[in-house]
Amino acid sequence: QATFQNCLKWLEELRQNAEPNIIIMLVGNKLDLVEKDPNARQVYYDAAMEFAQTHKLLFKEASAVTNYSVKHCFEHLMQEVYNQSVKQAKSGGERERGGITIQPGQAIPADQGNPCLSEAC
């Protein structure tokens with residue numbers, strides 16, 4: 001319960017210091033305890049899901065002890081990151097920081113220097 005109450009503060013810190021299009025997943029852990037005793041649940045599923053939807057987060061439940069759904073959480077998150085990068089590439093999204101975009105046949109801009117002169121390409 002205490003960890004869940006801190007989520008909003010951590011989310012604000014993350015959003016202040018990360019890229020604006022960051023994908024964030026909220027994972028409810030210790031699902032193994034709830035399976036043993038449903039009364040052991042500290043945060044109701046509906047409350048966590050509502051928080052995630054309100055703040056545009058992905059949401060899953062897992063158990064680090066039994067490894068239930070842990071791999072699925074990572075796979076889902078990585079799939080979402082990949083989908084977003086493909087979507088941005090198709091829509092002409094932002095280029096990577098510090099990078100330059102050169103079309104075939106286009107020269108490297110003079111102010112960018114040529115990294116191939118001093119390093120292997």
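Tutor: Reading from the N terminus, the elements of the protein chain go α-β-α-α-β-α, which comes to four helices and two strands; these are DSSP runs numbered from the N terminus, helices being H or I with at least four residues and strands E with at least two. Bear in mind that this is a predicted model, where local features need pLDDT of at least 70 and side-chain atom pairs count only at pLDDT 80 or more, while totals for chains, interfaces and linings use all residues. Residues are numbered from 1 along each chain as its sequence is written, and side-chain values use heavy atoms, with hydrogens and water left out.

Now for the close look. Two packed helices are described by the angle between their axes and the distance between the axes. Here the pair is α1 (residues 2-17) and α3 (residues 45-54): their axes come within 12 Å and cross at roughly 5°. (Axes are lines fitted to C-alpha atoms, for helices over the stretch in contact, and angles run from 0 to 180 degrees between N-to-C directions.) That crossing makes α1 roughly parallel to α3, a label for angles under 35 degrees.

Who's touching whom? On the α1 side you'll find F4, C7, L8 and L11, and they meet A47, A48 and F51 of α3; contact means heavy atoms within 4.5 Å. Sort the residues of this contact by type and you get seven nonpolar, no polar and no charged. (Nonpolar covers Ala, Val, Leu, Ile, Met, Phe, Trp, Tyr, Cys and Pro; charged covers Asp, Glu, Lys and Arg; the others, Gly among them, are polar.)

The largest nonpolar core has ten residues: C7, L11, I24, L26, V43, A48, F51, A52, L57 and F59. Such a core is a set of buried Ala, Val, Leu, Ile, Met, Phe, Trp, Tyr and Cys residues joined through side-chain atoms within 4.5 Å, and buried means under 20% relative accessible area, exposed over 50%, partly exposed in between (1.4 Å probe, protein chains only). Both α1 and α3 supply at least two residues of this core, and α3 gives the most, with three. As for V43, leaving aside residues up to four places away in sequence, it touches Q1, F4 and A48.

One last stop is the loop between α3 and β2 (58-61), where K56 is found. K56 isn't a glycine, yet its phi is positive, about 55°. With a relative accessible area of 73%, K56 is exposed.

Technical notes: Angles under 35 degrees count as roughly parallel, over 145 as roughly antiparallel, 65 to 115 as roughly perpendicular and the rest as oblique.
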